[in-house]
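Me: I am new to this structure and would like to go through a few places in it. Could we begin with the terms?

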Amino acid sequence: MSLCKGQSSQQLRFRGERVLWLQPASLDQLLELKTQYPNAKMVVGNTEVGIEMKFKNLLYPVILAPGYIPELNTIQHTDEGIVFGASCSLTLLGDVLKAAVGKLPPYQTEVFNAVLEQLRWFAGLQIRNVAAIGGNIMTASPISDLNPVFMASGCKLTLMSKGGERVVVMDEKFFPGYRKTILTPEEVLLCVLIPYTKKGQYFAAYKQSPRREDDISIVTSGMSVTFAEGSTIVKHLALSYGGMAATTVMAKNTASRLLGKQWGEELLQDACSSLAEEMTLHPSAPGGMVTYRRTLTLSLFYKFYLTVQQKLVSEGAYIEGVRADYISATEIYHQTSPSSVQIFQAVPDGQKEEDVVGRPMMHLSALKQATGEAVYCDDIPLYENELYLCLITSTKAHATIQSIDTAEAESMPGVVTCVFAKDVPGSNMTGPIVYDETVLADATVTCVGHIIGAVVADTQAHAQRAAKAVRITYQELQPVIITIQDAITHQSFFQPVRTIQRGDLDQGFTQADHILEGEMHMGGQEHFYLETNVTVAVPKGEDGEMELFVSTQSATKTQSLVAKALGVPASRVVIRVKRMGGGFGGKESRSTTLSTMVAVAAQKLKRPVRCMLDRDEDMLVTGGRHPFYGRYKVGFMKSGKVVALEVTYYSNAGNSMDLSLSIMERALFHMENSYSIATIRGRGYVCKTHLPSNTAFRGFGGPQGMLIAESWMSDVALSLGLPAEQVRRLNMYIQGERTPYSQILDHITLDRCWDQCLEISSFTQRRAGIETYNRDHRWTKRGLSVVPTKFGISFTAAFLNQAGALAHIYTDGSVLLTHGGTEMGQGLNTKMVQVASRTLGIPSSKIHITETSTNTVPNTSPTAASASSDLNGAAVHNACEILLHRLEPYKTKNPKGCWEDWVTAAYFDRVNLSANGFYKTPDLGYDFETNTGRPFNYFSYGVACSEVEIDCLTGSHKNIHTSIVIDVGNSLNPALDIGQVEGGFMQGVGLYTLEELKYSPEGYLFTRGPGMYKIPAFGDIPTDLTVSLLRDAPNDKAIFSSKAIGEPPLFLAASVFFAIKDAIIAARKESGLSGPFRLDSPATPERIRNACEDRFTKLCPPAEPGTFTPWAVVV
């Protein structure tokens, strides 16, 4: 059935289990239906209602779809403006307005241009293609991008019901309350008139959001001013704001106060002081960021003021012109065309063509992934009799469970059973290292999102609906510990507290010329892998055997914990991993919480059970990167040389230990980053809180430890008034020096990376250009920073530094390879094929890897710690060497033969053509008690230089340039390695500048999906990006002289964070502020704006802490 717009069709009616969906064919039919079903929801694009039904658990029993009614899709050009039918898509709206702007005189199209500017950043093209202008208005969102424009411009709305039609002006009365309009239940919005502007009228619209592209607003605004003819005296003023109340609001008092006034400095001061009084927010207001939002109302008006002033001057008005250094505040943002350069070393002359090691070979699954043919866990066809599982999770952070009522859920369609702790046949205790968690909560819950049970039903929809119907009563317990500060107050720490110390601290501080103290907080991060956690469990029907298809980085740990929960030996459980759609550490240990749950359900029912978490479920239950709080005391000389450091780290581990101790240990191992410090002590406290357990994430504590190191390094430079790059270079390690944990640094390439990075980034010229730019611009500032990294490679738990491989040669000469690592998009399998290809001396096309499974390679370490290519590559090499040794007699006998000849000869001679390979990293192990040993096999080094530009009025920033030089040894595959550098760097950009997890004081996670949690978009990639792999730096401690690449690049994004801080320093200088200041991570627009103190921020002081309950807390 074709449902094209414009097609005349009869009324359509679809009835589901709970919803009646009606598509009227005419306006009369629609009005009749709206009379019959006054509370029916009207849907065109379903971009809002679909979300409400799925995520807010709202049910609309009757839905009307008026998208094909001609009257709602018409466009009329009138004397007043352009009339759009309410079902016109936003794409069509944009096209029509763009055409009008091209034809009409500029003075008539100010509102049209404002709408077009808002549409530039409104969602994505796919959404704009279906979302309707009427839907956008009627949704009545308080943060709508377009409603402030419609309101400030006085758009006219035609409303219709069976009783007739009426025309209303969209003003401050149109939205009487949150998500409400003045329409009666029987009325529909027929069309919208967007008016022309008149001579002497000026209009602008603004939107500020966490991320520029495809993001919801923090504050939006539409502003209109009309001057008395031939003057600059305000005749009419309309200021409309979204994000400042439960509805879109007008600043009526400010507007009336400014009538009759001359457009100038006095008006600006009156407007700002009036707006600061009128646009107030309660300190506990939903959405938080109260000080920032209030400041934005002033900052955006100031932008409007300057824009109008500039236009008046250009039109010959007698008014003071805009200062040259203020003009950037009026400029509309346009994305510059990006460019990138990748530099790597070619393979040596004479390397055989079929030897693919060192060549930029394409990821083996790249084409399949691009076309959608790659098979992921949930792509596995349904088994006969298969069921679907949905989790039942806690809504309280700390409570005892008093009762669970499943009666309503079990009576719902398709429900087979509910699963709770009593159904676990083996042990209900679980955990990756310490068994301090439960498979299913038993009596007590210790976080919002704690898994209490599950509903198993015939379909996902039935399971999810029933899970929401389970009624649980709680007895809340005290204390509820959510933040690191809560944990410090209650002394809630996991043991042990780790310490690394070298030298006499008291003596070190005595020697210092200066001592400073500081602190910073670094937020957590959601993994946001494209494929959420998923498991398919298939009971085999005998001996307790079970096969699980899992998206996990840790097949063996999944196997052992599933076996423990089922009460069977590990040999009865097989875990199979084809590939993951991303992992980043989030599927190292937390994936087992879902796998054990699904396995228990499958065992109970003796039927296959599947579960793939929705994004909001995954974000709620699986935890993420640990938030860190660091306090430091640093002693340094007048030259900038650091001689003593005391640093204390606190991490928010959540409600269980998970891997938190190892993560804190790695943070301590990286507490000095790349700097040599004579006397140093680091101490790490792992905080036990009532949040879902936090876990491994790319970098594993290193990015937190090193960011706090760079914070005190930045403070030292600021306090001395020295260039930060000079102080960093002065303190950097050199060959042969010892780390605080007594490891000698050999083959150090930091200095080479540093010098090359400065060279390829044209650092000196860039710094000079920035100084000139900042002199010439008051309201935009640029910053520059160069940051090094030294990242230790190895699991800090020595026993994990082992790997196995299994290679089969078949009689046709093809090779099947299996190893202990898992493929999560990083290209591990591609590299393993390259290693096997070189070792066996055969083309890579003859080698195939199907999957990772516990019945081929046992006792595998997680694919983590950046060490998988090193470990598994060496194991693959070992297996292939064994096979080569077995084939050697046949090669000697038949030197002119080919690979297939030798394989055939060996087979007929009854030679084993299958081999196990194994590798363990030598000479590893560290003792915290004695501060002796060797925790790392080697170090990866890198340096990044970044330039940014900030908008001092809004806090937005753009990444102008980044140059990265990184030591990867002799790259196994430059294409994959550069991809890892670029991807890791951008994930770091998200961590340090954008991604923010927001929890309520009760421990509820607000940011549970892409609507509120923002990862970097295309526009966040530096406009000019250069990645260079360091030449001639072989590493004798890893396979074919390569180095690990997964985690080291992520921290290099700190160069963006400190470039932002450098730009803020320039802004603060304009206000007479200097010296160290605190900037927490991530450097969001809110934090940037609040740090750029000026006349506007002074009008909006923050409420006194302790006098209110914040909407969200810093965990």
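Reply: Buried means under 20% relative accessible area, exposed means over 50%, and partly exposed lies in between, with a 1.4 Å probe and protein chains only. This is a predicted model, in which local features need pLDDT of at least 70, side-chain atom pairs count only at pLDDT 80 or more, and totals for chains, interfaces and linings use all residues. Residues are numbered from 1 along each chain as its sequence is written, and side-chain values use heavy atoms, with hydrogens and water left out.

Me: Is F584 buried, exposed or partly exposed?
Reply: F584 is partly exposed, because its relative accessible area is 28%. Its phi is near 60°, a positive value in a residue other than glycine.

Me: And where is F584 found?
Reply: F584 is in the loop between β27 (573-577) and α17 (591-605). Helices (H or I, at least four residues) and strands (E, at least two) are DSSP runs, numbered from the N terminus.

Me: Turning to E949, is it buried or exposed?
Reply: E949 counts as buried because its relative accessibility is 10%. It belongs to strand β40 (residues 938-951).

Me: Which side chain is joined to that of E949 by a polar contact of 2.8 Å?
Reply: That is the side chain of R782. The side chain of E949 also makes a polar contact with that of Y773, at 3.4 Å. A polar contact is a pair of N or O atoms within 3.5 Å; within protein, one must be able to donate a hydrogen and the other to accept it, and residues adjacent in sequence count only if both atoms are side-chain atoms.
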